[in-house]
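Let's take a walk through this protein together, from its overall form down to a few individual residues. Have the model open beside you as you read.

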Amino acid sequence: MRTFINVEDIGPLEKALEEAQEIKNDRFKYQHLGKNKTLMMIFFNNSLRTRLSTQKAAMNLGMNVIVLDVNAGAWKLETERGVIMDGDKSEHLLEAIPVMGCYCDMIGVRSFAGLTDREYDYAETVLNQFIKYSGKPVFAMETATVHPLQAFADLITIEEYKNVKRPKVVLTWAPHCRALPQAVPNSFAQWMNAADVDFVITHPEGYELDSKFVGNARIEYDQRRAFKGADFVYAKNWSNPGVTNLADYGKITSKDMSWTVDTEHMSWTNDGKFMHCLPVRRGLIVTDDVIESPNSIVIPEAANREISCSVVIKRMLEAL
């Protein structure tokens, strides 16, 4: 595996889940694979779980790790081609990327959407430059449109906590004070479509995700109807994807607080488990009583980030 961006990159999900359980049982079993190998983690944006879990996974596999915060302690990088670099950006990504590739065996990239130019964001301009010019295997640590390490961890968590063979999983939009990218819901939708679950997406009208991620999911604009009988509720805000109106891309076009997941919402479910990728804005996305309830599995979900990343890095090391 040379790249890890979308669900198809991981291959058969059943095999990937078996591998995840194997690694969870013995996190250091494949330590020999990473000996004398170096992972470089490139952060264009802030991170807590992704930074810690990815570094821990690489260390479990015996790797050295270099972490570069592009916006703190490095030259400011220009990402556009054909520009006159007479501003505050001292180095172009097209020189920086191959230099980075000289110092490592594998690269993880984290770069969020700008939320102003949908075409630029959905072309994954920054990530694809790393794939093209680094000469190294590259995996996504969240990009403009996807967060596959999170979605893989979400699937591992659902497998661990499900009580029925084919659970009902609901992805619900919730309000937020800031415009957020669609990466987490995009990937979650993509991975749930590939898994053996009954998958429903619920959100206000106008917040439709891109069809290439929605796939065969059922769309329900009535949140109560969507929650009925749900075994898992995955709450997440996303800004307007601009699917129905391009001019709305990246904007907050709804602040409807009735979508906040509270105890009443969860009472509509089948004793459903609450999920969120974290960090979460309490009182906006979810109420305290829900996220602190016994049915909240946000911490085991976060812990599984180490496991999902371990599987991905292991497979990339095996392909070197």
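This predicted model contains 12 helices and 12 strands. Its radius of gyration is 20 Å, which agrees with the value near 20 Å that a compact globule of 320 residues would have. Along the principal axes, the C-alpha atoms fill a box of roughly 55 × 50 × 30 Å.

Of the 320 residues, 56% are buried. If you look at contacts between residues at least 6 apart in sequence, 78% of them join residues at least 24 apart. The accessible surface comes to about 13,900 Å², and carbon and sulfur atoms account for 49% of that. As for charge, there are 36 positive and 42 negative side chains, with the centres of the two sets 4 Å apart.

**Inside the protein**

In soluble globular proteins, nonpolar side chains tend to be buried together. Here, the largest nonpolar core has 56 residues, and those with the most contacts inside it are Phe139, Trp191, Phe199 and Ile313. Helix α12 (residues 298–319) gives the most to this core, with seven residues. A second, separate core has 24 residues, including Ile5, Val70, Val109 and Leu115.

Now turn to Ser111, in the loop between β6 (106–110) and α4 (118–122). Is Ser111 buried or exposed? Ser111 is buried, because its relative accessible area of 12% is under the 20% cut-off. Leaving out residues up to four places away in sequence, Ser111 touches Phe44, Asn45, Val126, Glu142, Thr143 and Ala144.

**Backbone points to check**

Most residues other than glycine have a negative phi, and most peptide bonds are trans.

| Residue | Phi | Relative accessible area |
|---|---|---|
| Asn36 | about 65° | 65% |
| Asp271 | near 55° | 57% |

Asn36 sits in the loop between α1 (13–25) and β2 (38–43), while Asp271 is in the loop between α10 (263–267) and β12. Asn36 is exposed, and Asp271 is exposed too.

Pro279 belongs to the loop between β12 (273–275) and α11 (288–291).

How values were computed: Residues are numbered from 1 along each chain as its sequence is written. This is a predicted model: local features need pLDDT of at least 70, side-chain atom pairs count only at pLDDT 80 or more; totals for chains, interfaces and linings use all residues. Side-chain values use heavy atoms; hydrogens and water are left out. Helices (H or I, at least four residues) and strands (E, at least two) are DSSP runs, numbered from the N terminus. The radius of gyration is taken over C-alpha atoms; the globule rule is 2.2 Å times the number of residues to the power 0.38. Buried means under 20% relative accessible area, exposed over 50%, partly exposed in between (1.4 Å probe, protein chains only). Contact means heavy atoms within 4.5 Å. Accessible areas come from the Shrake-Rupley method with a 1.4 Å probe; for residues, only the protein chains shown count as cover. Lys and Arg count as positive and Asp and Glu as negative; His and the chain ends are not counted. The place of a charge is taken as NZ of Lys, CZ of Arg, CG of Asp or CD of Glu. A nonpolar core is a set of buried Ala, Val, Leu, Ile, Met, Phe, Trp, Tyr and Cys residues joined through side-chain atoms within 4.5 Å.
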